Amino acid sequence: MSKSSRDRQERAREKVARLRAEEARRKRRRFWLAVAGAAVIVIAAVVGITLAVTGGSNTTPKLSLAPLSTLGTLKPAPAPGPLGPEGVPVPAGPALAGTLLAGTGTAATGQPVDGISCQAGEQTVFHIHAHLTVFVNGSARQIPAAIGIPGAQAQSTPQGPFIASGTCFYWLHTHAADGIIHIESPVQRTYTLGNFFDIWGQPLGTDRVGPASGHVVAIYNGQVFQGNPRDIPLTAHAQIQLQVGTPLVAPEQITFPAGL
């Protein structure tokens, strides 16, 4: 074989090798692109399932708040009532709507409310507490015990009744008449004051808080909440005050005891 023929064959072999190497690179590229695409699909599916299970985002939306000074002169907050069984003052006033003794602590009887279930045991995956105070025409009202606990059974304590058991527990409920809202949920999500009132079976809006009607002013952590009070988020150690009518009262502040 002549030298020119051998050169041509060598060049042909090199060209074939280059073509095979390029094809191998293209195959590897297509493989990793497919893997990346599949990973994106899996991540999107996981996020979608998580949102479906939790009922939405677990982040608190940005709130529209105004300084307390925009309300003008406020009546001083009354002296706190006696400490209840959770170590939190119980307001020295009548219940806003329904009492444990009347058997009307909660209107919900166990069916889901706003996607919130009633379960035999309390849930602790997401476990926080908020505090609610209500004034009607300047007078304090109690938030009754047993909201969100159908078939509530009271346990006597030196500080007053404490709801220790019931048929089931909604993820939002009250154990005492001290305004502490227990958020005890199997999933982490943003719950609102509207959810709590729906479980209670009481109306809440810009012109109504339970049976009390009139202009509603909402204070959230010492600032004026601008919007529908139903949208107030129940965040950890939130201090929420609703006021119907006048005079307006300066926000009460409680100290959350250890464990709450």
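Asp 198 pairs with Arg 230 in a salt bridge, with 2.8 Å between the closest N and O atoms. Heads-up: the model is predicted, so local features need pLDDT of at least 70 and side-chain atom pairs count only at pLDDT 80 or more, while totals for chains, interfaces and linings use all residues. Residues are numbered from 1 along each chain as its sequence is written, and side-chain values use heavy atoms, leaving out hydrogens and water.

Me: Why is Asp 198 called partly exposed?
Reply: Buried means under 20% relative accessible area, exposed over 50%, and partly exposed in between (1.4 Å probe, protein chains only). Asp 198 is at 25%, so it counts as partly exposed. Arg 230 is partly exposed because its value is 25%.

Me: Why is helix α2 called mostly covered?
Reply: Of its 8 residues, 7 are buried, among them Phe 196, Phe 197 and Trp 200. Helices here are DSSP runs (H or I, at least four residues; strands are E, at least two), numbered from the N terminus.

Me: Why does Ala 130 count as buried?
Reply: Ala 130 has 0% relative accessibility, so it counts as buried. Ala 130 sits in strand β3 and touches residues including Ile 183 and Phe 256 (contact means heavy atoms within 4.5 Å).

Terms used. Salt bridge = Lys/Arg side-chain N within 4 Å of Asp/Glu carboxyl O. Lists of a residue's contacts leave out its neighbours within four places in sequence.
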